[in-house]
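Subject: Structure handover and findings

Dear colleague,

I am handing over the structure below, and after it you will find my notes on what was found. Please read them with the structure open beside you.

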Amino acid sequence: MSRTINLIVIHCAASPNGKVLGSASKSAAAVIDQWHAQRGFHRQPAAIAAYNPDLKAIGYHFVLDVDGTKSTGRALDEIGAHVAGHNANSIGICMVGTDQYSTAQWGALTSLVKSLLAKYPGVPVVGHRDLSPDLNGDGTVEPSEWTKTCPGFTVADWLAAGMKPQAKNTLAS
């Protein structure tokens, strides 16, 4: 299956900042897969058979753990389950934590987004909260309109700064 990608969406796991989610026996994606299964998410049987068969429910395509480890969830050609109304044509990236991330995570995010933009040139990169409805119709989704705060940082500011994170969103080393 091939699909058109027109959006890259960055999320947070809403887990404790600085706490590694994965372990020697289970990736961060596998932990999130369990969470998503409990919420009723599921992947199509053919997609499971073709890619990451141990992950039956994860909605994201990538998960970046606190130590910088990148684990995969859904295949890029598989429709995600990470942002209502935008799943068909987007790629979902989840940062472990809530609003502060390690330098290793920021490096992994930068590398991953650059790689995805090389594959999908010109595709907008946004935060989950940026896709909240514009309730007052002024053309800007303002903090008072966010349905979620995820990913806990302003993606547009991160991009404008050359993918350099703001200090307030970076864990102390």
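In β5, the strand of residues 125-127, the residue that bridges to Ile 10 is Gly 127, and this pair belongs to a parallel pairing of β1 with β5 that extends over three bridges. Strands are said to pair if DSSP finds at least two bridges between them, while the strands themselves (E, at least two residues) and the helices (H or I, at least four residues) are DSSP runs numbered from the N terminus. β1 is also joined to β4, again in parallel, by six bridges, and in that pairing Cys 12 stands opposite Met 95.

Before going further, please keep in mind that this is a predicted model, in which local features need pLDDT of at least 70 and side-chain atom pairs count only at pLDDT 80 or more, whereas totals for chains, interfaces and linings use all residues. Residues are numbered from 1 along each chain as its sequence is written, and side-chain values use heavy atoms, with hydrogens and water left out.

β1 is largely enclosed by the rest of the structure, because six of its six residues are buried, where buried means under 20% relative accessible area, exposed over 50%, and partly exposed in between (1.4 Å probe, protein chains only). In a regular strand the side chains alternate between the two faces of the sheet. In β1 both faces are covered, with Leu 7, Val 9 and His 11 buried on one side and Ile 8, Ile 10 and Cys 12 buried on the other.

Leaving out residues up to four places away in sequence, Leu 117 is in contact (heavy atoms within 4.5 Å) with Ile 8, Val 123, Val 125 and Met 163. Leu 117 and Ile 8 are 109 residues apart in sequence, yet their C-alpha atoms are 8.9 Å apart in space.

The largest pocket has a volume of about 300 Å³, and of the 20 residues that line it, Cys 12, His 36, Arg 39, Tyr 60 and Lys 148 lie nearest its centre. Both β1 (7-12) and α1 (28-38) supply at least two residues of this lining, and α1 gives the most, with three.

His 36 lies in helix α1 and is buried, with a relative accessible area of 4%. The side chain of His 36 reaches the backbone nitrogen of Gly 59 at 2.9 Å, and, apart from neighbours within four places in sequence, His 36 is in contact with Phe 41, Ala 57, Ile 58, Gly 59 and Tyr 60.

With kind regards

How values were computed
On a 1 Å grid over the protein atoms alone, a cavity is a set of points where a 1.4 Å probe fits but cannot get out, and a pocket is an open set with protein on both sides within 12 Å along at least five of seven lines; lining residues have an atom within 4 Å of a point. Grid points are joined across faces, edges and corners, and a volume is the space filled by probe spheres set on the points. A polar contact is a pair of N or O atoms within 3.5 Å; within protein, one must be able to donate a hydrogen and the other to accept it, and residues adjacent in sequence count only if both atoms are side-chain atoms.
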